[in-house]
Amino acid sequence: MGSIGSIDVKELTISKYHDALREGRTTCAEVVLAYLDRISLYNNLLKALITVNKDALDVAQQRDQETEALLQQHGKHHAFPPLHGVPVILKDTYSTIDMPTTSGVKALHSLQTKDDAFVVTKLRRAGAIILGKANLHELSLEGVTVSSLGGQTRNPYDLSRTPGGSSGGTAAALAANLALVGCGGDTMNSLRSPGSACSAVGFRPTRGQISRRGIVPVTETQDVAGPMARTVQDVRVLFDVMKGEDEGDEATIDCQRNAMESASRICGGRKRIGVLRSFFADDGDPEGSIVNQIVLNALDKAQANLQVELVTLSHQSAHWDIPALVSTADMQAYEFRSVFDTFLQSPLIAFTPHASLDSVVASGEYLQEAVTPVLYRTLQKDGPYSMQSPEYESRLATIAALKKSVEDCFEEYQLDALVYPHQRQLVASIGSMVQPRRNGILAALTGRPAICLPAGFSSHTESAPLGVPIGLELMGKPWRDDDLLDIAEQFERVIQGRRPPDLPI
C-alpha cells in the first residue's frame with residue numbers, strides 16, 4: 001500500500017515529489033488518493049487524525065491543472081511554488097475556514113472560524129493541500145495525545161505506547177506516512193516530544209519566527225508554531241513558508257529578525273556543540289541508560305564524520321534544573337485562561353458553542369483525567385494565577401535570568417548549539433496521562449530554536465518489533481534558525497536514525 005505508478009508515497013520527500021510531478025511520473029491527485037487510502041487503512045488503528053478534508057482531492061486536481069500550466073509555460077526545469085501540491089497535516093489548533101477547529105475538546109467540536117490562521121493562509125498560497133487535522137493532547141496541556149474528541153493516538157512503532165505530545169497526532173501521521181509534512185505547536189515540549197517518540201523531526205523555531213494568530217493558544221510567553229516532517233530538509237521548506245512578520249502577532253515584529261538572518265550562515269568551519277550531560281538520565285536508571293546510550297552513539301557518529309567539536313559541559317546551575325524551572329517559571333497556569341478566552345471571543349470566530357474556558361469546563365465535555373492542574377489553577381479567580389500577580393512578575397524575572405544564564409554558557413564555551421536527549425526515558429505507555437522527564441522546557445522558556453531528530457531505537461520487543469524511537473535535541477542561538485537547521489541536516493546525514501514503522505496490513 002502506498003505505491004502509485006513509479007512513485008511510492010512511503011518516505012516521500014518534497015523534492016522527490018516535485019521531481020516526479022515535473023517528469024510526469026505522478027499527479028497531485030494520485031498522491032492525495034494514496035495518502036487518503038493509507039488514512040482509511042490505518043487511522044482507525046492509530047487515531048492520528050480528527051478530521052479529513054473532504055475537499056482535498058478537489059484541491060489536488062486544481063494543483064494538477066496548475067502543474068500542467070507551469071510546465072507548458074516554463075518547461076520541466078522550472079521550480080514549483082515551495083509547497084506545490086504538498087499534502088499537509090495540521091494540529092487541530094490551527095484555524096481553518098473549511099474544517100472545525102477543536103483543540104481536541106468535545107465541547108468545541110463545532111467551533112468554526114471565519115478565516116484561516118495567518119500561517120495556514122501562507123501554506124495555501126505556497127501551494128499546500130490541507131489534507132486533514134490531527135489529534136492532540138486535550139487543550140495541548142500534556143504529552144500523551146489523548147483527547148475527548150480524538151481518543152488516544154497510538155504510536156506507530158509500538159501500539160501499546162503513546163506518540164508523545166501534545167502534537168502527537170501530527171507526528172504519528174507523518175511517521176506512518178499518512179501525509180508528506182505537518183504542523184504543530186510547542187508550549188513546553190510539544191513539537192519535539194512527538195518527534196522523539198515517532199522517529200520524526202520536530203522543530204521549535206525561535207519565538208517570533210512564525211505567527212501564532214488564529215492558532216488556539218496556551219500561553220503568550222511560551223507558545224510557538226512550527227513544522228514537522230520525516231527529514232530536516234522538508235522541515236526547512238515548510239519553515240521557510242511559515243516564517244515571517246505579522247502585525248497581528250507582536251512577537252514576530254522583532255528587530256533581531258533581519259539583523260540575525262543577515263548574519264546567519266556566513267560562518268563556516270568547525271561547529272562547537274555543547275553536550276549538556278546534566279540533561280541525560282542518571283546512572284543506574286535502566287530505561288534512561290538505554291536512551292543515554294543511543295544518543296551517545298549518535299554523537300560518536302557525528303564526531304567521527306562531521307566538522308564538529310563536542311564540548312562536555314560541567315553541571316549547570318540550579319536555574320537549569322527541569323523540575324525547578326517547571327515550578328518557578330512555567331507560565332501556563334498564569335496565562336492560559338486569559339489567552340484562551342481572548343481566542344474564543346475574537347472576531348475570527350464564526351461560531352463557538354462556548355465563549356470561555358469556564359463555559360467549556362462547566363459543560364463537562366472534556367477529558368477530565370487528561371488535563372493537568374494548569375486547567376484548574378488558571379480558572380481560580382483569586383490567588384496567584386493571573387498576569388497581575390507578584391508571582392507572575394517573579395516568573396518573568398526567573399525567565400530573564402535563565403536567558404542570561406544560557407547566553408553566558410554559549411559565550412563562555414563559544415557554542416553554536418547544545419545537544420541532549422529530548423527525554424530521559426522511553427515514551428509513556430497508553431494508560432499514563434503524563435509524559436515525565438522531558439527536557440524541552442529550556443528552549444520553551446528562553447525562546448531559542450530547538451530541533452529533535454531521530455537518534456535511533458531501543459532494542460526490539462514483542463510490542464515494538466523495531467524498538468521504540470529515541471530523539472536527540474539540538475538547541476541553537478535566537479534567530480539563527482537556519483544555522484541550527486544546517487547543523488541538524490549534518491547530524492541527520494551521519495546518524496540516519498529514522499526507519500519507517502512496520503505497520504500491520
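Which loop does Asn 177 lie in? Asn 177 lies in the loop between helix 5 and strand 9, and we'll come back to that spot at the end. First, some ground rules: this is a predicted model, where local features need pLDDT of at least 70 and side-chain atom pairs count only at pLDDT 80 or more, while totals for chains, interfaces and linings use all residues. Residues are numbered from 1 along each chain as its sequence is written, and side-chain values use heavy atoms, with hydrogens and water left out.

Let's start with the overall build. The protein has 16 helices and 17 strands; here helices (H or I, at least four residues) and strands (E, at least two) are DSSP runs, numbered from the N terminus. With a radius of gyration of 21 Å, close to the 23 Å that the globule rule gives for 505 residues, the protein is as compact as a globular protein of that length. (The radius is taken over C-alpha atoms, and the globule rule is 2.2 Å times the number of residues to the power 0.38.) Along the principal axes, the C-alpha atoms fill a box of roughly 60 × 55 × 50 Å.

Zoom in on one pairing: strand 10 (residues 201-204) and strand 11 (residues 224-229) run antiparallel and are joined by two bridges. Gly 202 has Met 228 in strand 11 as its bridge partner.

What about the empty space? Rolling a probe the size of a water molecule over the atoms shows where it is left. On a 1 Å grid over the protein atoms alone, a cavity is a set of points where a 1.4 Å probe fits but cannot get out, whereas a pocket is an open set with protein on both sides within 12 Å along at least five of seven lines; lining residues have an atom within 4 Å of a point. Grid points are joined across faces, edges and corners, and a volume is the space filled by probe spheres set on the points.

The largest pocket has a volume of about 870 Å³. Of its 44 lining residues, the closest to the centre are Met 188, Ile 322, Pro 323, Val 326 and Ile 441. Helix 10 (322-328) provides the largest share of that lining, four residues. By class, the lining has 19 nonpolar, 14 polar and 11 charged residues, where Ala, Val, Leu, Ile, Met, Phe, Trp, Tyr, Cys and Pro count as nonpolar, Asp, Glu, Lys and Arg as charged, and the others, Gly among them, as polar.

The second largest pocket comes in at about 710 Å³. Arg 212, Arg 213, Gly 214, Ile 215 and Phe 343 are the closest to its centre, out of 36 lining residues. Helix 11 gives the most to this lining, with four residues.

Most residues other than glycine have a negative phi, and most peptide bonds are trans. Asn 177 has a positive phi of about 60° although it is not a glycine. Gly 165 and Ser 166 are joined by a cis peptide bond, with omega about 15°.

Note on methods:
Pairing = 2+ DSSP bridges.
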